[in-house]
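Student: I have a structure to go through and some quick questions about it. Can we start with how the terms are set?

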Amino acid sequence: MNQLQLFSDEEFMSKEELEIHKAKKYVARTIYRSSGRRGFISTHLSDGNMEGAYKEFDKAFRTFGFLYPKSYSFTSYRNIGNIRYYSDGVQMEIQANSKELFEILLECLKE
């Protein structure tokens, strides 16, 4: 085992990078848990069908959104998602695509 593998990627991130990563992670998990497609995604993953799991996640990504005041929010249009989060009381906004969030979800499911 490589010594760097003992540390998570998060330990090497700047404060801004860590906040962005946490926002994307939160959104990926929320889409998975709350979009109504969790069962379909889980079934495809357990069958080893990554393409099918991604297609289901992408459907959820395109049709799901949420807003928590002074916290995280997510909306999407086609294949671009807008994620809003707060950093030191200031609203920030980033964009992510469904593939990027799906890959983050896969990392989360391994934890």
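Tutor: Start with accessibility: buried means under 20% relative accessible area, exposed means over 50%, and partly exposed is in between, using a 1.4 Å probe and protein chains only. This is a predicted model, in which local features need pLDDT of at least 70 and side-chain atom pairs count only at pLDDT 80 or more, while totals for chains, interfaces and linings use all residues. Residues are numbered from 1 along each chain as its sequence is written, and side-chain values use heavy atoms, with hydrogens and water left out.

Student: OK. Is K59 buried, exposed or partly exposed?

Tutor: K59 has a relative accessible area of 45%, so K59 is partly exposed. K59 lies in helix α3, residues 50-63. Helices (H or I, at least four residues) and strands (E, at least two) are DSSP runs, numbered from the N terminus.

Student: Switching to T30. Buried or exposed?

Tutor: T30 counts as buried because its relative accessibility is 2%. T30 is placed in helix α1, residues 15-34.

Student: What does T30 touch?

Tutor: Leaving out residues up to four places away in sequence, T30 touches S35, F64 and F66. Contact means heavy atoms within 4.5 Å.

Student: And I31, with which residues is I31 in contact?

Tutor: With neighbours within four places in sequence set aside, I31 contacts F57, A60, F61, F64, F74 and L101. I31 is also one of the residues that touch the most other members of the largest nonpolar core, which has 23 residues. Such a core is a set of buried Ala, Val, Leu, Ile, Met, Phe, Trp, Tyr and Cys residues joined through side-chain atoms within 4.5 Å.

Student: How many aromatic pairs are there?

Tutor: The rule is that rings of Phe, Tyr and Trp (its six-membered ring) pair if their centres lie within 6.5 Å; planes under 30 degrees apart count as stacked, over 60 as edge-to-face and the rest as tilted. The count comes to 9 aromatic pairs. Take Y26 and Y68: their ring centres are 6.4 Å apart and the planes stand at 80 degrees, so this pair is edge-to-face. The pair links distant parts of the chain, 42 residues apart, with Y26 in helix α1 and Y68 in the loop between β1 (66-67) and β2 (73-77). Y26 is partly exposed at 27% relative accessibility, and Y68 is partly exposed at 38%.

Student: Which residues do ring pairs link into a cluster?

Tutor: Y26, F61, F64, F66, Y68, Y72 and F74.

Student: Now the sheet. What is the strand order?

Tutor: The open sheet has 4 strands in the order β1-β2-β3-β4, with antiparallel pairing. β1 and β4 are at the edges with a single partner strand each, so one side of each has no neighbour in the sheet. Two strands pair if DSSP finds at least two bridges between them.

Student: How many bridges join β3 to β4?

Tutor: There are 8 bridges between β3 and β4, and G81 stands opposite A96 in β4. These two strands form a hairpin with 2 residues between them, where D88 in the turn has a positive phi of about 50 degrees.

Student: And β2 with β3?

Tutor: β2 and β3 pair over 5 bridges, also in the antiparallel sense. Y77 stands opposite I80 in β3.
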